[in-house]
Amino acid sequence: RRLRLDRIDLYQLHRPDPTVPFEESVGELARLREEGKIRHVGLSNVGVEQLARAQEIVPVVSVQNRYNVADRRSEDVLAACGAQGIAFFPWWPLAVGALAEPGGPLDGLARAHGATPGQVALAWLLARSPVVCPIPGTASLAHLEENMGAASLELTAEELASLG
């Protein structure tokens, strides 16, 4: 009601409550989906096993996990999403700016492409899988436009390999 919507198109369960059985939380989302209150269910901060358990209850269309050049703990989740055509939203894609710093680990590649380190970090994410949709924060139109420039930055296979 507060959103003045009849239905929420994507409801992302951001942090599974450790005091509530996971299946119970996902089951409630399935019930809301059946009632037409939400259209699609997404999960955040989950592993492959939780994703599989959730999918036994309700179709999952997206996963939002922390993932970037320096933090790849969700590599297995990204692979599972890619295999199943589930959208993967990496949060913290620029490690709160640490990856985008001049002189940082991406600076050399950025200079070689006439780009910013942030654009290289985002281009790396986009090259990881067609299901990846980064969600970097921004505080200005100029920063948004800079981030959008990553979509046209093509890193070579060698450059991608150099990033690990």
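Predicted model: local features only at pLDDT ≥ 70, side-chain atom pairs only at ≥ 80, totals over all residues.

Trainee: Why is Asn65 called buried?

Mentor: Buried means under 20% relative accessible area. Asn65 has 3%, so Asn65 is buried. Asn65 sits in strand β3, residues 60-66.

Trainee: What makes the link between the side chains of Asn65 and Ser74 a polar contact?

Mentor: The cut-off is 3.5 Å between N or O atoms, where one must be able to donate a hydrogen and the other to accept it. The side chains of Asn65 and Ser74 are joined at 3.1 Å, so this counts as a polar contact. Beyond its neighbours within four places in sequence, Asn65 is also in contact with other residues, including Val77, Phe88 and Trp91.

Trainee: Which residues of helix α3 are buried?

Mentor: In α3, residues 75-84, they are Val77, Leu78, Ala80 and Cys81.

Trainee: How do you know that they line one face of the helix?

Mentor: Seen down the axis of α3, the buried residues fall within an arc of 160°, so they line one face. Here is the background: an α-helix has 3.6 residues a turn, so residues three or four places apart point the same way. Among the elements covering the buried residues of α3 are α2, β3, β4 and α5.

Trainee: Which residues have the most contacts inside the largest nonpolar core?

Mentor: That core has 41 residues, and those with the most contacts inside it are Leu43, Leu51, Val63, Cys81, Phe88 and Val120. Helix α5 gives the most to this core, with six residues.

Methods:
Residues numbered from 1 in each chain as written. Heavy atoms only, no water. Helix = DSSP H or I, 4+ residues; strand = E, 2+ residues; numbered from the N terminus. Buried < 20%, exposed > 50% of the residue type's maximum accessible area, 1.4 Å probe, protein only. Contact = heavy atoms within 4.5 Å. Arc of directions from axis to C-beta. Core = buried A, V, L, I, M, F, W, Y, C linked by side-chain atoms within 4.5 Å.
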